Amino acid sequence: PFLIDDNETGLLVDKGDSNAMAENIISITEEQINGGKISRQARLVAETYDVHLIIQKWYNLIRNVLDE
């Protein structure tokens with residue numbers, strides 16, 4: 001859940017709540033919820049966790065510390 005913001009980057013339901021899951025699916029298919037927007041936002045968040053970006057951030061951090 002810390003990676004997903006409800007109605008922003010995904011749709012959260014309580015564990016075992018199949019009715020809420022079904023309602024969310026219906027809302028997306030009937031376009032009551034903008035599934036495309038949620039999907040795009042989720043993709044942007046997922047890209048920040050790309051292993052190559054994380055490695056580069058760690059490299060830059062260590063480099064800055066060593067240069068001080």
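**Figure 1. Asn 24 sits in helix H1, which covers residues 18-29.** Helices here are DSSP runs of H or I with at least four residues, strands are runs of E with at least two, and both are numbered from the N terminus. The model is a predicted one, in which local features need pLDDT of at least 70 and side-chain atom pairs count only at pLDDT 80 or more, while totals for chains, interfaces and linings use all residues. Residues are numbered from 1 along each chain as its sequence is written, and side-chain values use heavy atoms, with hydrogens and water left out. Asn 24 has a relative accessible area of 17%, so it counts as buried. The classes are buried for under 20% relative accessible area, exposed for over 50% and partly exposed in between, with a 1.4 Å probe and protein chains only. When residues up to four places away in sequence are not counted, Asn 24 touches Leu 11, Leu 12, Val 13 and Ile 33. A contact of this kind means heavy atoms within 4.5 Å.

**Figure 2. The buried side of H1 is formed by Ala 20, Asn 24 and Ser 27.** These residues lie on the same side of H1, because they cover an arc of only 65° around the axis. The arc is taken from the directions that run from the helix axis to the C-beta atoms. Ser 18, Asn 19 and Thr 29 are exposed and sit on the face of H1 turned away from the buried side. H1 has 12 residues, and from its first C-alpha to its last it reaches 16 Å, close to the 16 Å expected at 1.5 Å a residue. The expected span of a helix is 1.5 Å times one less than its number of residues.

**Figure 3. Ser 27 is another residue placed in helix H1.** Its relative accessible area is 13%, which means that Ser 27 is buried. Ser 27 touches Gln 32 and Ile 33, again leaving out residues up to four places away in sequence. Ile 33 is also among the residues that Asn 24 touches.

**Figure 4. Glu 31 lies in the loop between H1 and H2.** Just after H1, the phi angle of Glu 31 is positive, at about 60°, although this residue is not a glycine. With a relative accessible area of 69%, Glu 31 is exposed.

Figure 5. Asn 34 is partly exposed, with a relative accessible area of 46%. Helix H2 covers residues 35-47, has 13 residues and reaches 18 Å from its first C-alpha to its last, close to the 18 Å expected at 1.5 Å a residue. Between Gly 36 and Asn 24, 12 residues apart along the chain, the C-alpha separation is 14 Å.

**Figure 6. Asn 7 belongs to the segment before H1.** Phi of Asn 7 is near 70°, a positive value in a residue other than glycine. Its relative accessibility is 45%, so Asn 7 counts as partly exposed. Asn 7 and Asn 34 are 27 residues apart in sequence, and their C-alpha atoms are 9.0 Å apart in space.

**Figure 7. The whole protein has three helices and zero strands.** Along the sequence the pattern reads α-α-α. The C-alpha trace spans about 55 × 25 × 15 Å along its principal axes. The radius of gyration is 18 Å, whereas a compact globule of 68 residues would have one near 11 Å. This radius is taken over C-alpha atoms, and the globule rule is 2.2 Å times the number of residues to the power 0.38. Of the 68 residues, 10% count as buried. The accessible surface comes to about 6,000 Å², and 56% of it belongs to carbon and sulfur atoms. Accessible areas come from the Shrake-Rupley method with a 1.4 Å probe, and for residues only the protein chains shown count as cover.
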